[in-house]
Amino acid sequence: MRLNKKKIGLIILIFIMVSATIAFLLEPDTFGNWFNAFYWVMTTMATVGYGDFFAKTALGKGFTMFLYIFGIGLLSLVIGKVIDSISEVQRRRGAGTLSFRCKDHVILINWSKKAQSAVDEILVFSPESQIVIIDDSGRHPLEHMEQVHFVSGDASNDEVLLKANLNDARAAIVFGDTRIEETSLIDGKSLLIASSIERIAPHIHTTVEIMLENNIRNFHHVHVNEFVLSHDAISRLAVRAALQEGNSEVLSQLLSRQHGDDIYEIPTNAAWKTYGEAFQGLLAQGATLLSDRSDLGINRKLQERIPPEARLYIVADEETYRRIKG
């Protein structure tokens, strides 16, 4: 019982091969060839017993009884080891000790209600996406979801980030650890994690939730791609709801992929020389050109040429976006 799985597998394989050879040597006329003897050994050990082959001599019947006792016991041992292995994998998956090997996944760091909402939003946008959650809680928060993998540990630790396969990830999102009471310490932890991510995989798009606006300048030094102020969006939506009725509903819709139109990035078309041509071309397809990167004022410079490095964003429904993207 202390043998490892490889040794047990080798022993059973040798046992089956030797048993098939012995059975064929004992009753060559019964089996006709070695493969039929091998087939008989397997059906006997599996207790299937189709009856198409059976021992006819006393020696053959005695060997059959030997297979009943030892062969079935060995096969039961294999089945037990397989079940134990599956249970061990499930246990390690729940504990977050397994490494993630797939590519083009999204890494979410620090579990919270916001991370839960992010998981839902990612799967609405791309149902086939793979998600890796890194948290030091020690237990998979969404164990029932096969697409969500869990890595337990400190996200500032290189070993933990590599276990999440950071180098092959599509993006990483660092949420503030709200279990820490002091907001400056929350940002400090996020800064440490962002530094580790940028050092290991600077090519990964990194978004960080920041608690205090004054700390943004600290994150600029680690070349984080984007920042999200934790309470800023909520405050702005509340004010717009109070002062401009219906404004918040439009913004909320654009923030979620579950309802109506959304914001999408599209590739530039060689036929578009100016923003005006792009605007009219997209409008004819049912989409509205919104911005070039963060520049929302391109509708006031429609005569300007589109630069080679432009990144155009549109407002459209998913069907229109996919048709434009081709």
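Student: What should I know before reading the values?

Tutor: The model is predicted, so local features need pLDDT of at least 70 and side-chain atom pairs count only at pLDDT 80 or more, while totals for chains, interfaces and linings use all residues. Residues are numbered from 1 along each chain as its sequence is written, and side-chain values use heavy atoms, with hydrogens and water left out.

Student: Which residues make the nonpolar surface patch?

Tutor: Patch residues have over 30% relative accessible area and no salt bridge; nonpolar side chains (Val, Leu, Ile, Met, Phe, Trp, Tyr) are joined within 5 Å, and like charges within 9 Å. Areas come from the Shrake-Rupley method with a 1.4 Å probe, and for residues only the protein chains shown count as cover. Here Leu10, Leu13, Ile14, Met17, Val18, Ile22, Leu26, Trp34, Phe35 and Leu59 make a patch of about 900 Å².

Student: Which helix supplies the largest share of that patch?

Tutor: Helices (H or I, at least four residues) and strands (E, at least two) are DSSP runs, numbered from the N terminus. H1 gives the largest share, 7 residues; H1 (5-26) and H3 (34-45) each supply at least two.

Student: In what order do the strands of the open sheet lie?

Tutor: Strands pair if DSSP finds at least two bridges between them. The 3 strands run E7-E9-E8, with antiparallel pairing. E7 (262-266) and E8 (288-292) stand at the edges with a single partner strand each, so one side of each has no neighbour in the sheet. From one strand to the next the twist averages 35 degrees. E7 and E9 (residues 312-316) are joined by 5 bridges.

Student: Which helix touches E7, E8 and E9?

Tutor: Contact means heavy atoms within 4.5 Å. Angles run from 0 to 180 degrees between N-to-C directions, with axes fitted to C-alpha atoms, for helices over the stretch in contact. H11 (residues 275-284) packs on the sheet, its direction making about 145 degrees with that of E8.

Student: How many aromatic pairs are there?

Tutor: Rings of Phe, Tyr and Trp (its six-membered ring) pair if their centres lie within 6.5 Å; planes under 30 degrees apart are stacked, over 60 edge-to-face, the rest tilted. The structure has 9 such pairs. Phenylalanine 15 and phenylalanine 66 have ring centres 6.0 Å apart and planes at 35 degrees, so this pair is tilted.

Student: How many salt bridges are found?

Tutor: A salt bridge puts a side-chain nitrogen of Lys or Arg within 4 Å of a carboxyl oxygen of Asp or Glu. The search finds 12, including aspartate 136 with lysine 189, whose closest N and O atoms are 3.9 Å apart.
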